[in-house]
Amino acid sequence: MANTIIGSSIIIDGEISGDEDLVIQGTVKGKISLRESLFVEGSGVVEADIETQNVEVAGRVTGNIAASDKVELKSDCRVVGDIRAPRILIADGASFKGNVDMDVKER
Amino acid sequence: MANAKGLTETGNTVIGQSILISGKLSGDEDLTVRGRVEGELSLSHTLIVEPSGVVKANVSVKNAIVSGVVVGNITATESVELTREGRMVGDINAPRVIIVDGASFRGRIDMGEAEPGRQASERPVSRPVVRAAPTLPSRPMIPAPSRAMPAPQPVRAPPPPPPPPARPAPPPAPVAKAKPVPPPPPARPATKPAPPPPPPPVTVAAGGKKKVMLKKRGR
């Protein structure tokens with residue numbers, strides 16, 4: 001499936017929705033809702049509420065994350081907000097501030 | 001895995017087919033749209049709208065290549081090109097506008113009136129290429145271009161002596177005739193600044209005059 005990439009110099013202020021993987025290297029403010037995976041890479045900055053199946057964060061996220069499957073915070077990420085997902089992984093070195101809720105009846 | 005894939009393509013933004021972005025989008029790199037973008041779009045580089053792409057936005061970019069659908073105005077600092085599959089409704093404001101046979105467009109075009117001397121010298125570089133494509137349709141279809149390209153046609157109309165489609169018998173003859181038609185060749189080469197006394201070549205409209213100049217320089 002086509003892969004969507006938001007490049008590092010791109011700034012989006014608004015809503016993104018779709019049914020495919022999304023890679024963010026730039027800046028997104030607003031709201032993101034996907035039915036697939038979201039990757040916030042090291043250079044990526046997200047100030048948005050996120051609703052997806054999977055999220056992998058290596059960059060910065062400010063906002064609430066709700067995933068139907070899994071949220072993974074990689075070692076250099078910085079996340080501020082609440083996370084709701086049945087599986088949540090936080091790697092050594094990740095910085096996170098917010099609530100975690102794994103009590104989602106999914107799977 | 002997918003992460004690595006993303007990293008290899010750094011620097012090129014692609015909006016995939018199923019993605020909808022509504023809001024403001026800005027950036028300093030090329031952007032390829034295969035999905036939908038609504039709102040406002042400003043780039044300092046090139047916007048490429050692929051056949052599956054839909055942009056409903058006011059767009060300001062350096063270059064735009066439209067093979068999909070654009071509804072909204074485009075302001076480009078360099079060029080706007082509507083390809084064969086491109087469809088657009090809205091106004092175009094750019095120094096170079098290219099509309100290829102098969103494209104559909106409704107709206108205004110403003111190329112910014114050519115200042116006599118300078119802009120003209122910039123243009124011929126790319127124009128001949130631009131003109132060449134639609135003028136010589138490689139396919140036999142004749143009526144198509146007239147429908148698809150409303151803008152360039154009136155310009156071409158004034159020098160009509162060679163209507164090649166009308167007579168199939170002597171095809172090379174009219175072409176040969178057409179070229180020597182512009183009679184004042186050495187009068188004003190590109191290097192000269194615009195001569196204030198306007199040399200009236202014939203009673204040709206402003207558009208027709210421009211065209212003559214272009215032809216000369218193109219060769």
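Visitor: Which residue of S2(B) stands opposite A:Ser17?

Guide: In this predicted model, the residue of S2(B) that stands opposite A:Ser17 is B:Leu20.

Visitor: What makes S2(A) and S2(B) a pair of strands?

Guide: A pair requires at least two bridges between the strands, and S2(A) and strand S2 of chain B, residues 20–27, have seven bridges in the antiparallel sense, so they count as paired.

Visitor: Why are S2(A) and S4(A) called paired?

Guide: Eight bridges link S2(A) to S4(A), residues 27–34 of chain A, in the parallel sense, and because the requirement is at least two, these strands pair. One example is A:Ile11, whose bridge partner in S4(A) is A:Thr27.

Visitor: What makes residues of chain A count as in contact with chain B?

Guide: The C-beta atoms, placed from the backbone, must lie within 7 Å, and by that criterion 29 residues of chain A are in contact with 29 residues of chain B. Strands S1 (4–6), S2 (11–18), S3 (22–24) and S5 (37–40) of chain A each give two or more residues to this side, and S2(A) gives the most, with eight residues. By class, the residues on this side of chain A are ten nonpolar, twelve polar and seven charged.

Note on methods
Residues numbered from 1 in each chain as written. Chains lettered and ligands numbered in written order. Predicted model: local features only at pLDDT ≥ 70, side-chain atom pairs only at ≥ 80, totals over all residues. Contact = placed C-beta atoms within 7 Å. Helix = DSSP H or I, 4+ residues; strand = E, 2+ residues; numbered from the N terminus. Nonpolar A, V, L, I, M, F, W, Y, C, P; charged D, E, K, R; others polar.
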